[in-house]
Amino acid sequence: MQLTGILASLLLASQTLALVRRGAPVDAPNALTCAFLIDFEQGVDGHALLNQHLAGKGVQWTERTSINNKFANFVSVQLVGDCQDADTIFAGLPRASSFSVVTTRPAPQPVISSAEVGQPISDEAYHSITGVNDARNKLGLTGKGITVAIIDSGIYYLHPALGGGIGKGFKVLGGYDLVGDDYSAANPVPVPDDDPIDNCSGNSHGTHVAGIVAADARNIVEPGFEPAVPFTGVAYEANLLAFRVFGCPADNTGTDIITAAIYRAADAGADIINLSLGGGPDYADEPDTIAASIVGKYGHIVLASAGNSGAKGLQVTGNPSNAQGGLSVASFDNTVTPLPYSLIDDQSYFYGLGQNNASFVEGQVLDIVVNDLTADDTDLQTDGATNLNPAAKGKALLLRWGSTTQGGSSKRCGYALAAGAAQCILYGNTDELVGIAGNKGLPSMFLSRAGGLALIAKIKAGGKPNFVFTTKQKPYPIPTAGTISSFSSPGLSLDLEIKPDFGGLGGQVYSTVSVHAAQVENYAVPYGSYSGTSMASPYSAGVTALLLQQRQARGIKFEEVRGYLQNTASPRNIFKSESFNSVAYQGAGLVNAFFAASTKSLVLPSAIALNDTENFKPATVLTIQNNDVEPVTYELSYLNAATVNGYLAGDDFTQDATTTTFTEDQHAQLSFSANSLTIAAGETARVTVQFTEGTALGPLPIYSGYIQISASNQADYPIHVPYAGVLGSYKSKPIWSRDSDSLYSRWGQPTGLPSVSTGLYADMDFNALTEGAVINATTGAGLLAVASSTTRGAFIEIIPQGLSKRSSSLEAAGFNTSAPIYIQLTDLIGEGNPVTAALFVPMQRHSYAGAAPAAPPNVWGFFGRAYNASGYAAALPQGEYKVKFTAVKNFCVLDSKNEADFDIILSPKFKLSTGEVEPSSSASSSTASSVATSTASSASSVATSGSSASTGTVVGSSASTGTAVATGSASTGTAVATGSAATGSAATGASTATVSSVDPSGSASVAPSASVAPSASASVAPTYVPVIIASPTYAAPPAPATPKPTNLYKSSAVSTVASAFAAFAGLALML
């Protein structure tokens, strides 16, 4: 593997070349090999310039895609041959302004309900909490005259609910296929054409998105297309444009393709552009994000899904939703969802089927045996573990659900299987339904608590219950209706801007799919229920269409559209709490179409980012515009939202959703230059808002709230302006993780590592590296580069010491000692042990479990190799070295000349040996193998990033025991190599106590007690015991320590969008 030949210019060639390089490096993990996007000056022929320039360089190329309109002029190319030295290849390209590596974007993966959950709810219920019904009934708004572009997998426009055709006179006016059917991750070669139809992707994502915006499924008479209940999209008379950026596999696309689609959509006249794709955490400097802001300046409103990485914790909103000139959309849970029910003595009770075995038959009568009639009375958590009812053989055994630490559905139904039962029925220990995997050995079901108690009551009374299985459905009120979906990615942005901007309905949204997708998903008709921010974004796009129709203002400014939507959104409470959810999670709140379209006031700015303590913005001037025909009096006040605590005392790792907490403290204080004012008709006035920060009671809490402005002409709905900030120094937050008990217990220990601190270790057993120790390049040494925060760039270089530095041995070996020498890393657990250069631009933060984004750390090996002056990996000569870990701090840039802008760790000095394996190192390979095996096993049992499952909140022993990584001063870059195994262990007690005290039950009444007292450790003993009002996952109270994945759902194991349907969607797999 060759690395770029001018590694010394890693910090972007823009320092020396007129052609600015943006974004990721050539070797970025998600970089598309040898694909580049080159921006040109407006009006020039980029193709001709490229052809002439690359011919002169002897480089062959083909075009991927291109744009030349009033918005942009770029050509995306695929180079043939060696393309690592891109800076040199494109240097001197005339009339070019910048170039960037094309990176890939995975296709969105919505949560898809099974065929049994296909029936929609009426528009009256579906659109009730978003003001859409009122916008239709009171204002007559339908989206007529507004055009919405859908950038996605294409649209099955032959669907009668979407107009049945394409072109003039149809709902879908046109569009473009930028990739062709065969485009995929394995075949990233665009073959564009003029037909954006999708009748080949597995889930028909784009068609589902299009239907949420503008479907009209009333009066459908075409056979095979009649929905169970007629319904409409939000703006059912809006027109659509389809821009296809995914092929039939729908697994991957490029940022150049997405960028081109945005510019094409704007050029085609789209008023609104929806992108239900992307994922973070990302910085807003990629081409598609820049494109969203550019077209936004021209009045083309871009909405994009915030992402479905809510399980990963704070600051994971993705691109292109992070665009400052675009709108990032969070997901709120819907009001109702259709669920199947069975009959117990002619009364209906909801249930969910196990995914591993759902072999019940319509009309089947189940012969019920209750395992323990007293299990509910005694709150038994282990029903069936030791008390199996011998009468269960051949019957349907009823077992009480309990703590997942005592076993999930597979284990519990395994008890029934062992008893010889014919079916397993688990009944709830709370009033919520839980999605289950069940047991493959017998049909499994989760029955509502009410149903289980009805069966028990009948048997206790001496009767025999009549249980009839049916697949009939009726509306199930979602307990979490109107609250943030737990899968929804929270902000703030990585630069502490307010993202998401607001939210729409994204949980259990019924819409159109293609005929092919219906066959794949086993739907009787081409309609289905999906969940995700991919659904919330088009819902909000439909609301935006109603707003634009009402305002009848072509070319309305982006800031005004955002203002109307944010001013009138409804801030929502945390589930089962009186506290408003954080702005970091919901932005301005749930959109309201009627309020946005009918308000006669506009307040700008519509959101206020207060930054961190070092960059605190203490005053903001609000401009209040009265668009009414009469004077309006405005009363100003403010509402505090819950503070989000994403870090634990003594633990530098970002917590995930299971251990992040909400508290009612650390709020800002606000005052106004005028608490009340009257503004004449058609006039504006300014009010200065003064902010005073609260006192931080923990590391970097995010505080937020809402300025509330009550207008005399709209008493029913006050205006809200969200604000948010961070207490503490965001720049000083370590990028490299040095000390994390939580990471050790939840990832390191299960993986088999004795330490999880960033640094170079002595050997493959990950023993501490001490000053002067010998590292054998043959057997290698372990290395961890753990990112506790996302950074614009990170790299690891070898630093020669002593005689090695002054000798010519490195130069003789081909290394350039006047430039950084980046080491080669070997992935010890990846298949085939792939190697990579130790540079990551950008570097996403790590998490405890799951897949990217925010994946767990890599376990690296260092075998004495680095990249030479020619860009190739070569063996380092024997000698004395240190390894330097460098990461760009928050708020800082990659090409900074100030060392204080980098988080630096310098290893102890060591001697690199290239000799034979020493006896003391003989166990290294087996230890590394053990780590790999442990990690692979662990990885197989955790959910991917699209899942709502995650690891538990277990806290084990100190994460820092045995750590020998020397931590230097981040401000000066100097390092103190202690070599002490105790370097990061002082926080163990406090960190452990803090984590174990978390009560994420969702209750607002959790009071501090002796059980949450901090450790007595003097070094980090906190002075504050938080009163935790909720956890963003609203999970059941933490149970005894266990490495098994735990439930991530709201309030006593209820899922996002009320895990009632999660059994079918595959979210809550209680294994």
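I will begin with His205, which is buried, with a relative accessible area of 3%, where buried means under 20% relative accessible area, exposed means over 50% and partly exposed lies in between, using a 1.4 Å probe and protein chains only. Please keep in mind that this is a predicted model, in which local features need pLDDT of at least 70, side-chain atom pairs count only at pLDDT 80 or more, and totals for chains, interfaces and linings use all residues. Residues are numbered from 1 along each chain as its sequence is written, and side-chain values use heavy atoms, with hydrogens and water left out.

The unreviewed UniProt entry lists Asp152, His205 and Ser534 under "active site", although such annotations may be inferred rather than shown by experiment. They span 383 residues in sequence, yet no two of their C-alpha atoms are more than 10.1 Å apart, so they gather at one spot.

The side chains of His205 and Asp152 are joined by a polar contact of 2.8 Å, that is, a pair of N or O atoms within 3.5 Å, where within protein one must be able to donate a hydrogen and the other to accept it, and residues adjacent in sequence count only if both atoms are side-chain atoms.

Ser534 is also buried, with a relative accessible area of 3%, and apart from neighbours within four places in sequence, Ser534 is in contact (heavy atoms within 4.5 Å) with Pro108, His205, Val209, Ser276 and Ser305.

Turning to Ser328, this residue is buried at 0% relative accessible area, and its side chain makes a polar contact of 3.1 Å with the side chain of Ser321.
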